[in-house]
Amino acid sequence: MPLKGEIDKEKLFKKIMPSFAAPEGEDPAGVLPLGEETDVPAEGATAEVAAPPAQAPAISEGAQQQAEPGPITDASATPPAPAPSNLPTAAPEEPVFPVNLPELIIERYYDAYSNRFKCCSCATCRDNTRSLALNQIQPRYVPSNRITEEMLIDREMVTETVSLLIKALTTVKNNPRH
């Protein structure tokens, strides 16, 4: 029985490590209760005997109650094994970059209006049309991870962008550079 102000190491060990608690006098799996040492290793144990723990300073009862629930850490304890690689991991975050909304709208409507006005479908005419339309409209950049469908169907922006696309299509159709 420990004196007042001392820690009952055996009782604390049994609370923290209930799987090692054994009936009085038995030594489960070659583990001795704290404070007891032996020169003869238990069967199956290694020949090394750990040094006895240093004398701990006396702890008041209030501090003892706070200290009891936490685990005892040992610097010589092995670190936990890494998580198995077959577990799902968080998806890598895609890079965020600025996107011009009118450019997305032009890409979305270009083919439909190009076919409607029977414009040339070569890469030069396509690039000239897109460049001419985008140079006449104010850019509206948003982060790529915040683009929503509502932004792409905003009536005012779509109307302005498509009208400039139609103007650019007719200009390039009348003056092709190929």
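Among the contacts in the protein with a separation of 6 or more, 77% are between residues 24 or more positions apart, a contact being heavy atoms within 4.5 Å. The model is a predicted one, in which local features need pLDDT of at least 70 and side-chain atom pairs count only at pLDDT 80 or more, while totals for chains, interfaces and linings use all residues. Residues are numbered from 1 along each chain as its sequence is written, and side-chain values use heavy atoms, with hydrogens and water left out.

The secondary structure consists of six helices and two strands, arranged along the sequence in the pattern α-α-β-α-α-β-α-α; helices here are DSSP runs of H or I with at least four residues, strands are runs of E with at least two, and both are numbered from the N terminus.

Of the 178 residues, 15% count as buried, where buried means under 20% relative accessible area, exposed means over 50%, and partly exposed lies in between, with a 1.4 Å probe and protein chains only. The protein exposes about 14100 Å², of which carbon and sulfur atoms supply 55%, the accessible areas coming from the Shrake-Rupley method with a 1.4 Å probe.
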